Amino acid sequence: MADTATQTAYEKLGEEFRKTQSDLSTYIEARQKLESQLQENKIVQKEFSILEDDSKIYKLIGPVLVPQDKSEAVINVDKRLEFIESEIRRIEGQINDTRAKTEKKRAELISFQAQLQEKARS
């Protein structure tokens with residue numbers, strides 16, 4: 001009976017460890033997507049700084065290009081950059097928390113394995 005309970009506890013610990021690793025991968029992927037969006041928007045921001053004030057800017061809405069005022073476009077890109085940067089900070093917090101959880105679960109798993117090996121020797 002103790003062996004079955006021990007095996008179940010070990011499997012549960014292993015599953016929790018795999019879940020934290022999966023969550024970590026998900027957060028890292030989200031971080032990478034946000035980073036790529038950040039770079040794209042910084043390029044747009046740089047291009048806007050090069051344009052003259054009377055330059056024509058178009059915004060793609062669905063399949064249609066719609067004219068947009070330069071100041072409005074600049075404000076939109078600046079807001080988008082702020083949002084993306086705040087999301088990156090939020091995701092980085094989740095990544096750090098999940099890394100800590102993963103390391104904790106890894107340590108618990110290693111400790112549990114050592115206990116099992118010690119019992120097996122006895």
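Me: Is Glu-35 buried, exposed or partly exposed?

Reply: Buried means under 20% relative accessible area, exposed over 50%, and partly exposed in between (1.4 Å probe, protein chains only). With a relative accessible area of 26%, Glu-35 is partly exposed. This is a predicted model, in which local features need pLDDT of at least 70 and side-chain atom pairs count only at pLDDT 80 or more, while totals for chains, interfaces and linings use all residues. Residues are numbered from 1 along each chain as its sequence is written, and side-chain values use heavy atoms, leaving out hydrogens and water.

Me: Which residue forms a salt bridge with Glu-35?

Reply: A salt bridge is a side-chain nitrogen of Lys or Arg within 4 Å of a carboxyl oxygen of Asp or Glu. The partner of Glu-35 is Arg-31, with the closest N and O atoms 2.6 Å apart. Both lie in helix α1, four residues apart, about one turn of the helix. Helices (H or I, at least four residues) are DSSP runs, numbered from the N terminus.

Me: How many salt bridges does the structure hold?

Reply: There are 11. One of them joins Arg-18 and Glu-15 at 3.3 Å, N to O; these two sit three residues apart in helix α1 (residues 2-50). Arg-18 is partly exposed at 48% relative accessibility, and Glu-15 is partly exposed at 46%.

Me: What separates Glu-103 and Arg-106 in helix α2?

Reply: About one helical turn, because they are three residues apart in helix α2 (residues 70-121). Salt bridges that share partners also join Lys-12, Glu-16, Lys-105 and Glu-108 into one network.
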